[in-house]
Amino acid sequence: MAKQKPSNASFNVEKIRADFPILKRRFGKNKLAYLDNAASAQKPQAVIDALADFYANHYSNVHRSVSTLAMEATDAFESARETVAQHVGAQTEEIVFTRNTSESINLVAYAWGNANVKAGDAIVITEMDHHSNLVPWQQLALLKKAELHYIPVEDAGEQNGQLDADFEFPENTKLFAFPHVSNVLGTVNDIKGWSQKAKFEAPGTTVVVDGAAGAPHFQLDLPASGADFYAFSGHKMCGPMGSGVLWGKKEILQEMPPFLFGGSMISKVEKEKTTWADLPAKFEAGTPNAADAVGLAAAINYLNKIGLKKIHDHEIKLADYACEELAKINGVTLYGPNGNASYATGKNGKDHVAKKPNVEKAQNRVGIVAFNLDGVHAHDLGSILDQDAIAIRSGHHCAQALMERLNVAATARASFYLYNTQEEVDRLVQGVKRVKKIFS
Amino acid sequence: MSDAMYRDQILDHYKHPHNQGHLDKPDARFSDNNPLCGDEIEVFLKIGKDAKGKAIIADVKFKGQGCAISTASASMLTDEIKGLTLDQIKALTRDDVFKMLGVPISPARVKCALLSLKAIKAAVYAYLGQKLNEKVE
Ligand SMILES: Cc1ncc(COP(=O)(O)O)c(C=O)c1O
């Protein structure tokens with residue numbers, strides 16, 4: 001597989017920022033500080049250009065006509081698939097294009113789940129799952145009268161924000177779904193370790209990984225990962241909205257019945273029956289988001305030119321700095337393993353022990369910092385920061401099961417990516433101090 | 001715009017909300033939530049009669065944790081509606097709430113500002129054996 005090329009040029013955030021037109025925007029007198037990357041990432045000019053070029057110069061429907069133009073469009077679409085496949089170490093046929101992570105997971109729930117999960121089987125998910133990787137399984141369990149089990153999230157001590165490693169998979173487990181990265185806590189789950197544990201304790205378990213918050217940060221080798229399915233969204237890794245991916249092991253995809261029926265997914269249609277197209281077309285009914293797939297390939301190329309490892313190091317540095325500074329504000333609670341487990345007090349404790357960030361922990365989290373300020377609702381915090389053109393997310397982050405676990409209705413969340421700067425973290429911290437003053 | 005939203009009056013109602021709590025044996029109650037942030041509110045109504053025999057809000061309380069905007073809105077609105085007839089409640093509009101709050105509500109926070117109105121109206125309609133059939137937000 002194509003590993004990212006190690007680039008010798010050092011990480012130059014100002015140069016990177018120049019690639020993102022939106023970062024030039026002013027809101028009033030303020031520059032935009034976009035700290036909401038876990039919701040969606042901004043687009044570099046290279047991606048915007050790739051979309052424009054496809055529409056301006058190569059646009060046609062794909063897979064359908066013999067015109068030169070149709071061939072160009074089809075080639076662009078299929079070569080985008082190759083780029084994605086190489087990026088995650090997979091075979092091209094194993095890459096199914098969808099609209100987003102949610103659709104990818106629903107595809108597995110409807111197609112694989114419907115065919116394989118029976119009454120009395122167990123489905124295991126986690127308390128830190130995004131609704132996209134929770135509701136489909138909850139509904140499948142209800143439909144099939146299967147059991148639904150949640151792996152708890154630790155909320156204190158060294159293991160704060162981690163999945164409970166002592167969880168035992170019920171023997172009747174058929175499916176285990178979990179997030180590669182928590183979109184609230186920034187926790188990175190060990191895909192291999194968890195997959196092996198699940199398959200050891202409940203042989204035959206199929207493993208689905210929600211990679212929406214993982215793929216933007218890590219170089220992947222999916223066939224070696226231990227997972228059977230991995231879902232992710234292009235829009236969170238600088239790609240276009242509407243570009244989603246489902247990777248699945250070829251043997252499983254071959255056996256799996258289709259999800260959506262219609263054009264493009266057939267090999268032959270007779271009045272009484274239909275045979276399905278080969279992979280991956282079997283799972284891509286109708287006209288695909290070809291332009292968005294082309295844009296996603298441009299995003300992947302862009303990120304690889306900079307290097308995902310360097311991006312990850314950069315965002316962790318910002319998260320550490322943010323945790324360190326936020327922890328100095330009395331009344332701030334930080335959640336999860338970020339910055340350093342010792343910053344995070346889990347509940348609404350106030351014992352902010354400022355320790356040096358533990359670099360060894362860097363691989364175990366991404367640049368996401370969830371926090372609250374005593375006596376202030378996250379929504380109000382977000383609204384006041386917005387006044388300074390600081391964009392964060394406040395709310396339950398589509399993770400209400402986790403909010404329940406953390407015993408909060410909502411949190412604020414700052415999430416960093418390649419183009420963020422220390423100065424933006426300073427603005428965030430000043431902003432939080434201003435909120436505190438307004439509410440005091 | 002956002003700072004203007006956090007005038008003292010709003011913050012006072014947030015920190016010391018009026019009519020917070022619950023009513024024993026309410027004539028109507030309704031809980032609702034803001035799906036954006038997970039905030040929840042539950043309203044309790046006691047229905048009485050005015051001099052002309054028209055059904056009015058005799059007492060009202062609300063429960064729930066929310067942001068400054070939704071809490072202040074619930075606090076003020078519950079003050080406002082005491083003694084109003086059910087028909088008057090049905091006729092309340094979003095603009096009435098905005099006027100009552102007296103601060104510019106940014107578009108992202110409209111749902112927060114109107115959550116209590118929505119719950120109060122739904123409780124009144126439920127009391128009348130009807131369904132809230134209008135879009136409050
Ligand atoms: C962990 C996680 N899973 C799933 C999703 C859903 O992604 P999408 O909205 O692109 O389907 C998100 C993003 O919102 C996420 O962060």
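This is a predicted model: local features need pLDDT of at least 70, side-chain atom pairs count only at pLDDT 80 or more; totals for chains, interfaces and linings use all residues.
How many bridges join strand 7 of chain A to strand 8 of chain A, and do these strands run parallel or antiparallel? Five bridges join them, and the two strands run parallel. Strand 7 covers residues 173-179, and strand 8 covers residues 206-210.

Seven strands form it, in the order 4-10-9-8-7-5-6. The sheet is open, and its pairing is mixed. In general, strands of a sheet pair through backbone hydrogen bonds, either parallel or antiparallel. Look next at the edges of the chain A sheet. Strand 4 (95-98) and strand 6 (147-151) stand there, and each has a single partner strand, so one side of each is left without a neighbour in the sheet. From one strand to the next, the twist averages 20°.

A helix lies across this sheet. Helix 4 of chain A, residues 101-116, lies across strand 4, strand 7, strand 8, strand 9 and strand 10 of chain A. Its direction is at about 155° to that of strand 9. To trace this on the model, find strand 9 at 229-233 and strand 10 at 244-248.

Step back to the whole of chain A. The chain is divided into two domains. Domain 1 is made of two stretches, 13-44 and 308-439. Domain 2 is 49-303. The centres of the two domains, taken over C-alpha atoms, are separated by 28 Å.

How do the domains meet? Together the two domains bury about 3,200 Å² between them. Carbon and sulfur atoms account for 56% of that area. Three residues of domain 1 deserve a look: A:Leu308, A:Leu402 and A:Arg405. They supply 21% of the area that domain 1 buries against domain 2, more than any other three residues.

Across the interface of the two domains, the rule finds one salt bridge. It also finds 19 residue pairs in polar contact there.

Two local features of the chain A backbone come next. Most residues other than glycine have a negative phi, and most peptide bonds are trans. A:Leu279 and A:Pro280 are joined by a cis peptide bond, with omega at about -5°. A:Pro280 is in the loop between strand 12 (274-276) and helix 8 (290-306) of chain A. A:His397 is not a glycine, yet its phi is positive, about 55°. A:His397 is in the loop between strand 16 (393-395) and helix 11 of chain A.

Turn to chain B. Its open sheet has three strands in the order 1-2-3, with antiparallel pairing. Strand 1 (28-34) and strand 3 (55-63) of chain B stand at the edges, each with a single partner, so one side of each has no neighbour in the sheet. Here the twist averages 25° from one strand to the next. Strand 2, residues 39-49, is joined to strand 3 by eight bridges. In one of these pairings, B:Glu42 has B:Lys63 of strand 3 as its bridge partner.

Helices pack here too. Helix 3 of chain B, residues 68-81, lies across strand 2 and strand 3, at about 155° to strand 3. Helix 6 of chain B, residues 110-127, touches strand 1, strand 2 and strand 3, and its direction makes about 150° with that of strand 1.

Finally, see where the chains meet. Here 20 residues of chain B are in contact with 18 residues of chain A. The area buried between the chains is about 1,400 Å², and carbon and sulfur atoms give 48% of it. The count is one salt bridge. The side chains of B:Arg109 and A:Asp380 meet in a salt bridge, 2.9 Å from N to O. Nine residue pairs are in polar contact between the chains. On the chain B side, helix 1 (2-5), helix 2 (8-15) and helix 3 give two or more residues each.

Terms used. Residues are numbered from 1 along each chain as its sequence is written. Chains are lettered from A and ligands numbered from 1 in the order in which they are written. Side-chain values use heavy atoms; hydrogens and water are left out. Two strands pair if DSSP finds at least two bridges between them. Helices (H or I, at least four residues) and strands (E, at least two) are DSSP runs, numbered from the N terminus. Axes are lines fitted to C-alpha atoms, for helices over the stretch in contact, and angles run from 0 to 180 degrees between N-to-C directions. Contact means heavy atoms within 4.5 Å. Domain bounds come from an automatic or database domain assignment. Buried area is the accessible area (1.4 Å probe) that two parts lose on being put together, summed over both. A salt bridge is a side-chain nitrogen of Lys or Arg within 4 Å of a carboxyl oxygen of Asp or Glu. A polar contact is a pair of N or O atoms within 3.5 Å; within protein, one must be able to donate a hydrogen and the other to accept it, and residues adjacent in sequence count only if both atoms are side-chain atoms.
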